[in-house]
Amino acid sequence: MGVLEIERRGAAAWLWLNRPEARNALNGDLQDFLSKAFDAIENEKNIRVLVLAGRGAAFCAGGDLARMEQAAKMTKARSKAEAGRFAKLLYRVHGYPKPLIARVHGPAFAGGMGLVAACDLVVAAEEAEFCLPEVRIGLVPAMISPYLMRAMGQQQARRYILTGERLAAREAHRIGFVHECVPASELDARVEKMCAQLAQCGPAALARSKKLLAAVAGAPISSRLGEHTAAVLAEARTGTEAREGIRAFLEKRRPGWQND
């Protein structure tokens with residue numbers, strides 16, 4: 001069994017980070033396997049949702065410190081390329097056309113917290129913990145910072161990036177970083193329920209909605225923004241998926257994509 005385990009459950013693909021002995025630290029192999037999995041699953045029409053999870057006691061402890069120590073001895077160009085690989089992975093997660101759910105148990109630290117922030121939905125066990133300890137060891141949470149800012153807001157991100165303090169799952173839920181916080185015994189059931197809800201939606205509509213959210217996030221309210229959103233709807237409702245969805249609603253039946 002490799003560093004990434006892919007489990008298919010109905011319309012969902014569960015991607016299990018599988019380095020439990022290293023608390024699922026993000027070494028180069030794990031990042032590469034994640035990227036390849038995203039590429040392969042994107043073309044699987046029967047898979048509507050992805051779940052990112054971790055084997056063992058932790059969701060993900062962040063970057064591999066042994067690898068970071070090696071990177072400190074690299075040339076600046078090579079070190080930048082090494083960091084760029086993780087930046088590309090985060091961008092891939094955030095812009096992925098299918099919804100991603102982070103299933104978080106145990107620690108989700110540093111880059112692991114960044115992975116969570118880049119996902120669309122977050123379900124955490126009550127015992128989960130988040131932390132950005134980079135500044136405590138002389139580092140900076142650089143590549144993950146844009147996703148943290150969007151996921152928890154500037155004021156909260158400022159606090160947890162600068163202090164390096166731990167953030168409990170219940171508090172993460174209170175401030176909006178986590179969507180659902182449940183007992184550990186209910187974690188999988190809650191994630192599976194969310195997967196089922198997403199699988200009811202039109203795949204193209206979900207992909208368009210993700211693009212729309214990225215376009216309008218932080219954008220000033222303006223006539224140009226109104227024109228853009230109107231164009232998005234006009235394009236969507238002339239598509240085959242919308243025509244099928246509206247027809248199915250009027251005929252009181254399930255749309256075709258739910259019968260796949």
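Predicted model: local features only at pLDDT ≥ 70, side-chain atom pairs only at ≥ 80, totals over all residues.
Side chains of opposite charge can pair when their charged atoms come close. Asp 39 takes part in such a pair: its side chain meets that of Arg 92 in a salt bridge, with 2.8 Å from N to O.

How many salt bridges does a search of the whole structure find? The search turns up 19 of them. Another one of these joins Glu 180 and Arg 190, whose closest N and O atoms are 3.1 Å apart. Glu 180 sits in strand β9 (residues 180-182) and Arg 190 in helix α8, so a strand and a helix are tied together by residues 10 apart in sequence. The side chains of Arg 190 and Glu 180 are also listed as a polar contact of 3.1 Å.

Arg 190, in helix α8 (residues 187-199), counts as buried because its relative accessibility is 18%, and the cut-off for buried is under 20%. Glu 180 has 26% relative accessibility, so Glu 180 counts as partly exposed.

Next, look at Arg 208 and Glu 235. They form a salt bridge in which the closest N and O atoms are 4.0 Å apart. This pair links distant parts of the chain, with Arg 208 in helix α9 (residues 203-216) and Glu 235 in helix α10 (residues 223-237), 27 residues apart. Arg 208 is partly exposed, with a relative accessible area of 29%. Salt bridges can also share partners: Glu 244, Arg 247, Glu 251 and Arg 253 are joined into one network in this way.

## The sheet of six strands

Now for the strands. Strands of a sheet pair through backbone hydrogen bonds, either parallel or antiparallel. In which order do the six strands of the open sheet stand? Follow them across as β1-β2-β3-β4-β6-β9, with mixed pairing. At the edges stand β1 (4-9) and β9, each of which pairs on one side only. From one strand to the next, the twist averages 20°.

Strand β1 and strand β2 (residues 12-17) run antiparallel and are joined by six bridges, with Arg 9 standing opposite Ala 12 in β2. These two strands form a hairpin with two residues between them, and Gly 10 in the turn has a positive phi of about 60°. Strand β4 (residues 100-104) and strand β6 (residues 121-125), on the other hand, pair in the parallel sense over four bridges. Here Val 104 stands opposite Ala 124 in β6.

## The sheet of three strands

Another open sheet is built from three strands in the order β5-β7-β8, and its pairing is mixed. Why is one side of β5 and of β8 left without a neighbour in the sheet? Both β5 (107-109) and β8 (166-168) stand at the edges with a single partner strand each, so one side of each has no neighbour there. Neighbouring strands of this sheet are turned against each other by 20° on average, direction ignored.

Strand β7 (residues 129-131) runs antiparallel to β8, and three bridges join the two. If you look for Cys 131, you will find Arg 166 of β8 standing opposite.

## A nonpolar patch on the surface

Let's finish on the outside. Which residues form a nonpolar patch on the surface? They are Ile 246, Phe 249 and Leu 250, and together they have about 380 Å² of accessible area.

Leu 250 is part of helix α11 (residues 240-250). Its relative accessible area is 62%, so Leu 250 counts as exposed, the cut-off for exposed being over 50%.

Note on methods
Residues numbered from 1 in each chain as written. Heavy atoms only, no water. Patch = residues over 30% accessible without salt bridge, like charges linked within 9 Å, V, L, I, M, F, W, Y side chains within 5 Å. Areas by Shrake-Rupley, 256 points an atom, 1.4 Å probe, with all protein chains shown as cover. Buried < 20%, exposed > 50% of the residue type's maximum accessible area, 1.4 Å probe, protein only. Pairing = 2+ DSSP bridges. Axes fitted to C-alpha atoms, helices over the stretch in contact; angles between N-to-C directions. Polar contact = N/O pair within 3.5 Å; in protein donor to acceptor, adjacent residues only side chain to side chain.
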